[in-house]
Amino acid sequence: MKLSEKFTEHQVASLMSDDFVIVNDTTTLADAASRMTAAGASSALVMRGEDVAGILTEHDLVRQLAKGIAPQQAVAELMSGQVMSVAANAEVHEAFQLMLAHGIHHLPVVDEHGRPAGMLSESDFRKIDGVAGLLGMATVGDLMKTRFGRLPPTSTLEDALKQMATSGERYLIVVDGDTPAGIITEKDVVRTIGRGETGLGIADLMHPCSATLRESASSAEAARLLLEPGLAIIPILGSLGELVGVFGEDELVRHYEGEYIRMLRTVIVAQSKELNENKFYALVNHLPQRIFIKDAKSVFVACNANFAADIGVTPEDVHGKTDLDFFPKELAESYRNADRKVMDEKTSITMEEPYVSPCGKQSWVQTTKAPVIDADGNVEGVVGIYADITEQRRLLEETKQLNWALRAISLSDKAMVYAKSEQEMLQAVCEAITSESRYLLSWIGWKVHDEAHSVQIVATAGVASPYAEGLVVTWAPGPYGNGPTGIAFQTGTTQIANHVRARPAFAPWRERAAGFGIHSSAAIPLKMDGETVGALTIYSGDEEAFGAEETRLFEELADSIAYGVQARRTQTAYDQSLRDVAVQANKLERALEESLAGIGAVLEQRDPYTAGHQQHVAELAVMIAKEMHLDEQRIRALYLSAIVHDIGKIQVPTEILSKPARLNAAEFALIKQHPEAGYNVLKKITFPWPIAEIIRQHHEYLDGSGYPRGLRGDQILLESRILTVADIVESMSSDRPYRPALGIEQAASEIAKMSGTKLDPAVVAACTAVLKRGDFVPHILAID
């Protein structure tokens, strides 16, 4: 049975835990931890009177306690608010979709009267009968997690709290050398705090590994083991018995996610089979995707115009040909192998793969292939659909890399301001850099003037911190001085080493680095009075982690570190360093603003018909805000949000963005995802203002009819309410590819109709005043 069938035959009530914990918002963290431990629960529902006020999870407790929050603090100040819920009689797939869409791990369940009835977590999906059989032939080595937190047995509870909070991991593997000695989970930490046993060491706190598997074992076997009570994490061993990965509930749920997406695709394919041939051609020839049909021998039967144009022929010329007639032999064989897999297994597949056109142009495409089956169940051929995703992959990857670096720099600047000593500052900087999983390890070392020309490591942080223990690096030429850090000392220049393990000079550390998943490094010299006296070295598990922009940002950070250290060595200089760090923080803020403007410009290049839309919306939004007498900081936040408010459309195909006609239901549904997508792109960048949330809410309405979350009234930020009105007016009063401008008067009339129901009356009144004065000039379409 397919997972899609299992997800629709079960109701939430059959999976939820009905012995969940309820606490008042005045309950202390220590009391909440104790009650969660007693019930064996991983979360607690927080009530304020008769109303649900929030949810408190083990992850929340660990994160807050690691920050030094007192256990006697009330949960109301630390819980997660805006709780989503699902009805007990809903089908499981509804709950699963909600958890996927919002990235949540715990979902309250309510009865028909809206009262709390239970709690659903990721681990509950293991209760679905027969899920182990859905994992197919995959091995645990295919699905396991290879980057995870490690601790030596000599660590303390404080060490575990700190690493969990920094890395975001919900468990840590206690290792003795390369051998797993035990596991410590958030539940273990919460239980210990709830009992007041905070003085225990990790050896006392951890529980032994009750099961391990080789990476060659089947993932179905791992799934069956996870059904055993109390077993949530399985260490995975390599051929020599060394720890190479972990397999847990997260890996199982990620597989469910893939099955769920395949279920949705199956529905679409099934509907397309109802079309007759004439309707099929009428439809596919107007779709932006490339579509083709092959017979059972992988010979092309038909295709749409876009597919033929890609390979430089007409649709008629494709008929009767094979992939070998259009593509390099190796690529053509891979396409034909995929065809055979689809037809032999009578299953659909979706994959991202390289594509080389006959003219030699290389790109990335997302391809879905499905078998064509007749009424008797016989396979007649294969249908394929693909779209070019090269630009989306590049833009998203560049944005992610820049976000990671910017967040690391921002946290580092704050650390330098608030640290009380030089050592605390250096340690805080390393922790800030590795707070995102992008960077496995960061360390700072000083030059030692001894006979060995040693480098003394004085601060380290990251999940791969054990790599730096006993690490030998020198600052003079020699076997241990010819690596990236040694060369940075000798030349006084930054050394970027992507694919670092492939470099001959990295031989002394290659095997050690492989054990921690290190693939690239950046070594930046720390200079005082023109002399290189130290180095900041950062490692990543990605082979191409350090681009030009990230390198520039880390070089600026290194300059700040060196200056901060030098300044702290006298009290007078220390006072000056605070002012200089503040200047650096301002530079960072400007860099963030420039990055937002650059991202907005790139986005509008994908859609020339609406180029300038975001800027025009920003200008009108600022006029409205000034009319409402908002302070300068809020106006600044509104402007920065507005110039990239459509950044989430980066995931929407260009053909849909610039379609010269109204969108159909499916296309509009894809467009409606852009506020949440924009929030996900920007949420981890540290701004002084809630820019990501403003963007997320700019299509919400007062009456709850907006999207993506159906917020109401004061749940919607004022800045978002202003942005909504400005977006409507600019869109209506400006030209669009599928219609001329409707005019200022009609736009003003429309927002007046929506005032009080969907739109904020105060915002509408301010906008109307701006429009009556003629301050806002509509955008006139001008396409070359």
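This is a predicted model: local features need pLDDT of at least 70, side-chain atom pairs count only at pLDDT 80 or more; totals for chains, interfaces and linings use all residues.
Reader: What kind of peptide bond joins Tyr 707 and Pro 708?
Author: It's a cis bond, with omega at about 15 degrees. As background, most peptide bonds are trans.

Reader: How many helices and strands does the protein have?
Author: There are 29 helices and 22 strands.

Reader: What share of the residues counts as buried?
Author: That's 49% of the 784 residues. Buried means under 20% relative accessible area, exposed means over 50%, and partly exposed is in between (1.4 Å probe, protein chains only).

Reader: What makes helix H9 largely enclosed?
Author: Six of the eight residues of H9 (residues 219-226) are buried, so the rest of the structure largely encloses this helix. The buried ones are Ser 219, Ala 220, Ala 222, Ala 223, Leu 225 and Leu 226.

Reader: Is His 499 partly exposed or exposed?
Author: The relative accessible area of His 499 is 33%, so this residue is partly exposed. His 499 is in the loop between strand E20 (495-498) and helix H18 (507-515), and has a positive phi, near 55 degrees, though it isn't glycine.

Reader: And His 629, buried or exposed?
Author: His 629 has a relative accessible area of 71%, so it counts as exposed. His 629 also has a positive phi, near 60 degrees, and belongs to the loop between H21 and H22.

Reader: Why are H21 and H22 called roughly antiparallel?
Author: Their axes cross at roughly 160 degrees and come within 8 Å. Angles under 35 degrees count as roughly parallel, over 145 as roughly antiparallel, 65 to 115 as roughly perpendicular and the rest as oblique. H21 and H22 are therefore roughly antiparallel. The axes are lines fitted to C-alpha atoms over the stretch in contact, with angles from 0 to 180 degrees between N-to-C directions.

Reader: Which residues of H22 meet H21?
Author: Ile 635, Leu 638, Tyr 639 and Ala 642 in H22 do, and their partners in H21 include Val 617, Ala 621 and Ala 625. Contact means heavy atoms within 4.5 Å.

Reader: What makes H22 and H27 oblique?
Author: Here the axes come within 10 Å and cross at roughly 50 degrees. H22 and H27 are therefore oblique to each other. Arg 634, Leu 638 and Ala 642 in H22 meet Leu 718, Glu 719, Ile 722 and Leu 723 in H27.

Reader: How do H28 and H29 lie relative to each other?
Author: The axes of H28 and H29 cross at roughly 165 degrees, coming within 10 Å. That makes H28 and H29 roughly antiparallel. Ile 744, Ala 748, Ile 751 and Ala 752 of H28 touch Val 764, Cys 767, Thr 768 and Leu 771 of H29.

Reader: Which residues touch the most other members of the largest nonpolar core?
Author: In this 47-residue core, they are Ile 624, Leu 682, Ile 722, Val 725, Val 729, Ile 751 and Leu 759. A nonpolar core is a set of buried Ala, Val, Leu, Ile, Met, Phe, Trp, Tyr and Cys residues joined through side-chain atoms within 4.5 Å.

Reader: Which element gives the largest share of this core?
Author: H27 does, with eight residues. Val 729, setting aside neighbours within four places in sequence, is in contact with Leu 620, Ala 747, Ile 751, Cys 767, Leu 771 and Phe 776. There's also a second, separate core of 29 residues, with Met 36, Met 164, Val 174 and Ile 184 among them.

Reader: How do you know whether Gly 678 is buried or exposed?
Author: Gly 678 has 0% relative accessibility, so it counts as buried. Gly 678 is placed in helix H25. Beyond neighbours within four places in sequence, Gly 678 is in contact with Ile 647 and Gly 648. The C-alpha atoms of Gly 678 and Ala 692 are separated by 7.1 Å, although these residues are 14 apart along the chain.

Conventions
Residues are numbered from 1 along each chain as its sequence is written. Side-chain values use heavy atoms; hydrogens and water are left out. Helices (H or I, at least four residues) and strands (E, at least two) are DSSP runs, numbered from the N terminus.
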